[in-house]
Amino acid sequence: MTRHLLPLALAAAIAFPAMAGAADSPTPARIIVSGEGEATTPPDLALLSLSVMREAKTARAALDANNDAMAAVIAAMKAAGIKDRDLQTAGIQINPRYNFTNKPDGSQEAELVAYQVTNTLAVRVRDIDKTGEILDKAVSLGVNQGGGISFTNDNPDATITEARKKAVANAIAKAKTLAEAAGVSIGRVLEISDQNIAPAPMAINAKAFDAARSAVPTQAGENAYNVQVTVTFELK
C-alpha cells in the first residue's frame, strides 16, 4: 500500500513548488492609456417628439379634444409620407389643474378648475429635407408642447468603426510617446475597452413656431460620432 502512495507523494512534492513559483512571479510592467477618435457623416434620419395638450372642465372633454387634434396630426404625418412604422405614441398624461387660494388661517384651499390631457407622438422622418415642412404642419394642426428633435443615422456602424480605429491609433501614439520618454518600449496589447458617444438631441421651443409663416427652417449639418478607448500595453 505504501509503495502505491509513494509516487503520488513525490508528484505532489514536485507540483507544489512549481505552483508556488508561478504565484510568486512578478506582474509584468504595463501602461494604461486612453485614446479618442471622431468621425462625421451627414444624417439621414430626423427624430421628432410632438405633443398635443388640450384642457377642458372634465377629463372626458379634454381627452376627446386631444384625440381629435392628435388624429389630425397623425393624418397629416401619413399624408406627408410618414409610414405607420415611423409613428409611435410615446405617452399620454391626464392631469387635474387646480387654483390655490390662501385662507386666513394660513392654509390653502384647492379648487379644481380643469383637466389637462397631453398626448406625445414620436415621429421618424426618413426624408430629412421634409423636416421643417412636417413641423410646420404639426404645429398648425395642434401641436403646442415643446418636444425634441435630433438628426441621426439609421445605420452609423461604418462611421463608428472609423472613429474606433482613430481612437486606437491615438492610444497607440500616446503609449509610444510615454514609453519613449520613460526609456522603454511598448509590447503586446493586454486589454482594450471602448465607449461610444452619440450626438445629443436638440430641444424644440414650441413658442418659436407661433409666428412661423412657412416651413420651419432646419439645418441637419453633420453628426459627429466619438469613441473613447482605454488600452493596456505590456512594457518591454
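Residues are numbered from 1 along each chain as its sequence is written, and side-chain values use heavy atoms, with hydrogens and water left out. Because the model is predicted, local features need pLDDT of at least 70 and side-chain atom pairs count only at pLDDT 80 or more, whereas totals for chains, interfaces and linings use all residues.

Helices (H or I, at least four residues) and strands (E, at least two) are DSSP runs, numbered from the N terminus. Two strands are taken to pair if DSSP finds at least two bridges between them. On this basis, an open sheet of three strands is found, with the order 1-8-6 and antiparallel pairing. Strand 1 (30-41) and strand 6 (186-197) are its edge strands, each pairing on one side only. Neighbouring strands of this sheet are turned by 20° against each other on average, direction ignored; axes are lines fitted to C-alpha atoms, for helices over the stretch in contact, and angles run from 0 to 180 degrees between N-to-C directions. Twelve bridges join strand 1 to strand 8 (residues 223-235) in the antiparallel sense, and in this pairing glycine 35 stands opposite valine 229 of strand 8. Helix 4 packs on the sheet and touches strand 1, strand 6 and strand 8, its direction making about 145° with that of strand 1. Contact here denotes heavy atoms within 4.5 Å.

Alanine 175 belongs to helix 4. With a relative accessible area of 0%, alanine 175 is buried, where buried means under 20% relative accessible area, exposed over 50%, and partly exposed in between (1.4 Å probe, protein chains only). Residues up to four places away in sequence not being counted, alanine 175 touches Ile31, Val33, Ile186 and Phe233. A distance of 9.7 Å separates the C-alpha atoms of alanine 175 and leucine 235, which are 60 residues apart along the chain.

The loop between strand 5 (145-152) and helix 4 (157-181) contains asparagine 153. Asparagine 153 counts as buried because its relative accessibility is 9%. Its side chain forms a polar contact of 3.0 Å with that of asparagine 223; a polar contact is a pair of N or O atoms within 3.5 Å, of which, within protein, one must be able to donate a hydrogen and the other to accept it, and residues adjacent in sequence count only if both atoms are side-chain atoms. Beyond its neighbours within four places in sequence, asparagine 153 is in contact with Thr41, Pro42, Pro43, Asp44, Asn223 and Tyr225.

Strand 4 (residues 108-125) runs antiparallel to strand 2 (residues 45-56), to which eleven bridges join it. Within strand 4, threonine 120 is the bridge partner of serine 51. Strand 4 also pairs with strand 3 (residues 87-102) in the antiparallel sense, over 15 bridges, with proline 96 opposite tyrosine 115. Strands 3 and 4 form a hairpin with five residues between them, and glycine 106 in the turn has a positive phi of about 95°. Tyrosine 98, in strand 3, counts as partly exposed at 39% relative accessibility. Its C-alpha atom is separated by 4.5 Å from that of leucine 112.

In helix 3 (residues 131-140), the buried residues are Thr131, Gly132, Ile134, Leu135 and Ala138. Seen down the axis of helix 3, these residues fall within an arc of 160° and so line one face of the helix; the arc is that of the directions from the helix axis to the C-beta atoms. Just after helix 3, glycine 142 adopts a positive phi of about 130°.
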